[in-house]
Each structure stands twice: as C-alpha cells, then as structure tokens.
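Me: I would like to go through the structure shown here. Could we take it topic by topic?

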Amino acid sequence: MKKFTIFGNPVSHSKSPLMHNLTFNGLGENSKYSKTLLEDGSLIKSKFKELGLTGANITVPHKEEAFKVCDELDSFSKKVGVINTIVQKDGKLYGYNTDAPGFLKAVLLFNQDIKTVLIIGAGGTAKAISVVLRDEGYDVEILNRSSARLESFKQKDFKTYTFDNFEPKKYDLIVNSTSAGLQDDYLPAPKEILEQVLSSAKSSIDVIYGKETPYLKLSKEYNLPTKDGSDMLLYQGIIAFEKFTNHKYSFDEIENFMKEAFI
Ligand code: NDP
C-alpha cells in the first residue's frame, strides 16, 4: 500500500484526506492518505522518510520550509520559493506548487471581468498566486499587515503596501490570502480599508474554505460575486493527485471522484 499525508499546523480542518481517499478508492488504487500535525517544519524530510511516504501535501505554515527540503524543483516552484506537494521518486523528493494552477483555474472559471487584482496577505499562498496571475497577464498588487514578508514581493517588482502606506484604488478582484478568519473571526485588514476597496471592486475571493469568513461576509454586503477557497482546493488537489499517480489518470477522471468530498 502506498502512503500519503498532509503536513500542517493546524491540520485538523483539512479536507485533503477525504478528497484523496475518495479518489484512491474510486479509482481502485491501493493507497491511503492521512493527516500529520507537524509543529517544526524543518522535520518534513525526516518525517516523510520515517512514515514511508510516496507523496505529501504541505499546508500552513510549512510551505516555504518544504521548498527547502526538496531534492528537485520545477521551474515555477523555483520562481516562487514555496511548494505544497512532494512526490518521492527513486529516493529523491520532487517539489511542486499546485496551489497556483489550482487558484488560476478557479479564477478563470469564476468568469468575471478581471484585469487588476489586490491580494491581501504575503504568505506562501500569496507568493504562489501573485506570480501565476501576473504570468497570465493580470496586474497584481499586494497588501499585508506587516512589512517583513513584503520584501520578496518587492524583489519581484510587485507594488506592495502595508496598512499604513496603502493608496487604495479601483481593483477588479480582491483576494483574501491571509489566514485571518481561518480559526478566528478577524478581518484580514482594517474594516475601513476593506470597505474602500470592496465598494469599487467587481468580485471577491477568499482562499479559506468550508466556512463563511468575516471577509466573505463583508464582500457579500457589497453585493459582489464571491467565491471561497473550495474550487482552489479541489483543483490543487486534482493536480497533486495527477503527480502522486504519475499522470495515470486524466483531470476529469480524478475530478469525478474528488468532487464527492464537496457534497
Ligand atoms: P502563511 O502563514 O504563509 O501566511 C499568512 C499570511 O496571513 C501572512 O501574510 C500574515 O500576515 C497574514 N495574517 C495572518 N493572520 C492575520 C490577521 N489576523 N490579520 C491580517 N493578516 C493576517 O499562510 P499561507 O499563505 O500558507 O495560507 C494562508 C491561507 O490560505 C490559510 O488560511 C490557508 O488555509 C489558505 N489556503 C487555502 C488553499 C485552498 O486550496 N483553498 C490553499 C492554500 C492555502 P503577516 O505577514 O503580517 O504575519
């Protein structure tokens, strides 16, 4: 039996085990996917080996640490410095970022008229989705609570702000990519800032899934088309599953089973 897991802290909320186990079972694969609470991200490689894994996903807050432990990385992962999927082949750990293409697919299927995007947050998720959106031609700016994490975005020539120096303008899409609202009832930015950008936006996305966050609730007060993180989660999961099974199954075959986790 092949073994897979998701490493994170917290990890109890994760839907990934359900998504992948439904799909392994549906496709007749002899594989099992578990949850592993990991406090120290530097232990990913040793834990991966100790558990005898074939593959893993990595969630908050270890995606940047996971990038460092891989033996091989694809060009997109190298560009963003953060991964969420590891596959072991011939004793080597291969790292991939499936959050970015998963998020992009969710944005494209959202089918809104989007050219300019404000991403709130500067963590691992923001690093991946900012680059994939810009590569697709969107104009992307970043707003974060504190300045330290904005450095890497500045180096990539993104326009960046903290709450103190933010110069609001009209954005088509506002994205909450912070963890505010995941386990608490915080908004990702001061309410006045959010009201300013949401009142002139065309649409709003929260990457958090499985609950209506205060951010999503506020977005709905402005009658905006909204989307939570469920589609991103599904698509990043399908793309990870393709890698776990070495592209044995098509996207549609995988989606057919994986989407059952969202009913
Ligand atoms: P990181 O820990 O790397 O980054 C967290 C970010 O959130 C930082 O920018 C941090 O700001 C900000 N933040 C945290 N708390 C607050 C707060 N109370 N107010 C304002 N800003 C805050 O996390 P990730 O980027 O890995 O993940 C972010 C979120 O994305 C999580 O909720 C995760 O569950 C979700 N996610 C969803 C996916 C999906 O498939 N739907 C996939 C991947 C992630 P600062 O720099 O100031 O600390």
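Predicted model: local features only at pLDDT ≥ 70, side-chain atom pairs only at ≥ 80, totals over all residues.

Me: Which domains does the assignment give?
Reply: The domain assignment gives domain 1 (2-97 + 231-262) and domain 2 (111-224). Their C-alpha centres lie 26 Å apart, and the contact takes 13 residues from domain 1 and 14 residues from domain 2.

Me: How much area is buried between domain 1 and domain 2?
Reply: About 1200 Å² is buried between them, with carbon and sulfur atoms giving 65% of that area. On the domain 1 side, Glu64, Lys79 and Met232 lose the most area to domain 2, together 33% of what that side buries.

Me: How many salt bridges are there between domain 1 and domain 2?
Reply: The count is 2 salt bridges, and 3 residue pairs are in polar contact. The elements giving two or more residues to the domain 1 side are α3 (63-69), α4 and α10 (230-244); α4 has the largest share, 3 residues.

Me: What does lysine 79 pair with?
Reply: Lysine 79 forms a salt bridge with aspartate 135, and the closest N and O atoms are 2.9 Å apart.

Me: Changing topic, how many residues are in the largest nonpolar core?
Reply: That core has 29 residues, and Phe103, Val117, Ile119 and Leu133 have the most contacts inside it. Helix α6 gives the most, with 6 residues, and each of domain 1 and domain 2 supplies at least three residues.

Me: And what is phenylalanine 103 in contact with, sequence neighbours within four places aside?
Reply: Phenylalanine 103 is in contact with Ile129, Leu133, Val175, Ile205, Val207 and Met232. Another core, of 24 residues, lies apart from the largest one and includes Ile6, Val11, Leu234 and Ala240.

Notes
Residues numbered from 1 in each chain as written. Heavy atoms only, no water. Core = buried A, V, L, I, M, F, W, Y, C linked by side-chain atoms within 4.5 Å. Buried < 20%, exposed > 50% of the residue type's maximum accessible area, 1.4 Å probe, protein only. Helix = DSSP H or I, 4+ residues; strand = E, 2+ residues; numbered from the N terminus. Domains from an automatic or database assignment. Contact = heavy atoms within 4.5 Å. Buried area = accessible area lost by both parts, 1.4 Å probe. Salt bridge = Lys/Arg side-chain N within 4 Å of Asp/Glu carboxyl O. Polar contact = N/O pair within 3.5 Å; in protein donor to acceptor, adjacent residues only side chain to side chain.
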